[in-house]
Amino acid sequence: MAMSVPQSTKLLVATDLDATLLDHQTYRYDAALPAIDRLRAHHCPIIFNSSKTQAEQTVLRKELSIEDPFILENGAAVVIPPGCLGHADDAAEPEMNVFGLPYAKLVDVLARLRERHGFAFRGFSDLTAEELAELTGLSIEGAIAAKQRSGTEPLYWEDSEAAYQTLVDELADLGLQTTQGGRFRHVMGNTDKGSALKWLVERYQKTFPDVQWTVVALGDSPNDLPMLRVADIGVLIPNPHRVPFDVTGVARLLRPQQPGPEGWAEAMQNIIQHHL
């Protein structure tokens with residue numbers, strides 16, 4: 001009789017960045033470092049799944065010495081670094097898997113709709129690095145990185161909600177969609193953080209068939225809901241700066257008391273204690 005192969009159990013942690021792993025005001029992550037260190041000690045991947053660009057995430061990944069795959073711009077693309085998930089160690093570039101619409105095409109569509117309807121908004125393509133830095137609190141270098149986009153356009157909406165609904169309807173007719181982030185409304189193709197995470201989890205399962213993965217997803221905004229729904233454990237980080245929203249369809253939902261990296265650490269230390 002065939003013997004079953006024993007499985008090791010690991011956490012696969014997918015996390016939003018702004019107002020989740022990073023403080024809403026300072027962009028610091030210090031409170032989360034002990035939990036990050038514990039995850040790394042157990043060789044559990046930490047997957048950034050953010051509205052941020054490849055350039056922005058690369059800076060933070062280097063700071064935290066995280067070398068795992070990551071998800072860009074609300075699910076527009078998954079990046080597999082060299083040496084990860086079958087991508088060659090000596091590859092010159094990371095493996096890029098793009099699910100969204102090309103950025104230049106998105107910008108062109110939005111410009112035409114703005115001209116037709118007179119919408120009042122500013123996209124990242126409309127802003128200089130200096131203007132974006134002033135609007136977000138990012139450094140000039142951070143703003144430059146934020147403008148290097150692959151498949152989504154964040155909008156700083158300055159019009160009515162009725163006008164926004166008109167934009168949503170127009171975009172839907174073109175096979176495009178919007179989602180609400182922490183500060184901006186993001187326009188993208190038919191993708192989201194959940195579908196990209198599901199694709200990446202399947203890649204992990206195929207690469208490591210003897211590992212039983214428990215998927216954890218942490219976020220604070222409506223655009224994080226799709227990845228919380230894909231996860232075995234969803235963590236909703238409180239954010240006093242956002243409007244409350246309904247959270248449904250999450251298999252197991254944790255709600256830490258503290259916002260930002262303090263809440264991230266609170267939830268992850270609890271999960272690590274019970275699952276590793």
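1. Lysine 193 and its partners. In this predicted model, aspartate 224 and lysine 193 are both buried. Their side chains meet in a salt bridge, with N to O at 2.5 Å. The pair links distant parts of the chain: aspartate 224 is in the loop between β10 (211–219) and α8 (225–230), lysine 193 is in helix α7, and they are 31 residues apart.

2. A second bridge to the lysine. The side chain of lysine 193 also meets that of aspartate 16 in a salt bridge, at 3.1 Å from N to O. Here the two residues are 177 residues apart, with aspartate 16 in the loop between β1 (8–15) and α1. Aspartate 16 is buried, as is lysine 193. Side chains of opposite charge can pair when their charged atoms come close.

3. Another buried pair. Arginine 149 forms a salt bridge with glutamate 73, and their closest N and O atoms are 4.0 Å apart. Arginine 149 is in the loop between α5 and β7 (152–157), while glutamate 73 is in the loop between β3 and β4, 76 residues apart. Arginine 149 has 10% relative accessibility and so counts as buried, because the cut-off is under 20%. Glutamate 73, at 0%, counts as buried too. The model has 13 salt bridges by the rule used.

4. The sheet. Three strands form an open, antiparallel sheet in the order β3-β4-β5. The strands β3 and β5 (95–98) stand at the edges with a single partner strand each, so one side of each has no neighbour in the sheet. On average, neighbouring strands of this sheet are turned by 20 degrees against each other, direction ignored. Three bridges join β3 to β4 (residues 77–80); phenylalanine 70 has valine 79 in β4 as its bridge partner.

5. Helices on the sheet. Helix α7 (residues 193–207) packs on the sheet and touches β3, β4 and β5, its direction making about 30 degrees with that of β4. Helix α2 lies across β3, β4 and β5 and runs at about 150 degrees to β3.

6. The buried face of α2. Which residues of helix α2 (residues 54–64) are buried? They are Glu56, Gln57, Leu60, Arg61 and Leu64. Seen down the axis of α2, these residues fall within an arc of 130 degrees, so they line one face of the helix. They pack against α1 (33–41), β2 (46–48), β3 (70–72) and α5 (140–146). After α2 comes serine 65, with a positive phi near 55 degrees.

Note on methods
Residues are numbered from 1 along each chain as its sequence is written. This is a predicted model: local features need pLDDT of at least 70, side-chain atom pairs count only at pLDDT 80 or more; totals for chains, interfaces and linings use all residues. Side-chain values use heavy atoms; hydrogens and water are left out. Buried means under 20% relative accessible area, exposed over 50%, partly exposed in between (1.4 Å probe, protein chains only). Helices (H or I, at least four residues) and strands (E, at least two) are DSSP runs, numbered from the N terminus. The arc is that of the directions from the helix axis to the C-beta atoms. Contact means heavy atoms within 4.5 Å. Two strands pair if DSSP finds at least two bridges between them. Axes are lines fitted to C-alpha atoms, for helices over the stretch in contact, and angles run from 0 to 180 degrees between N-to-C directions.
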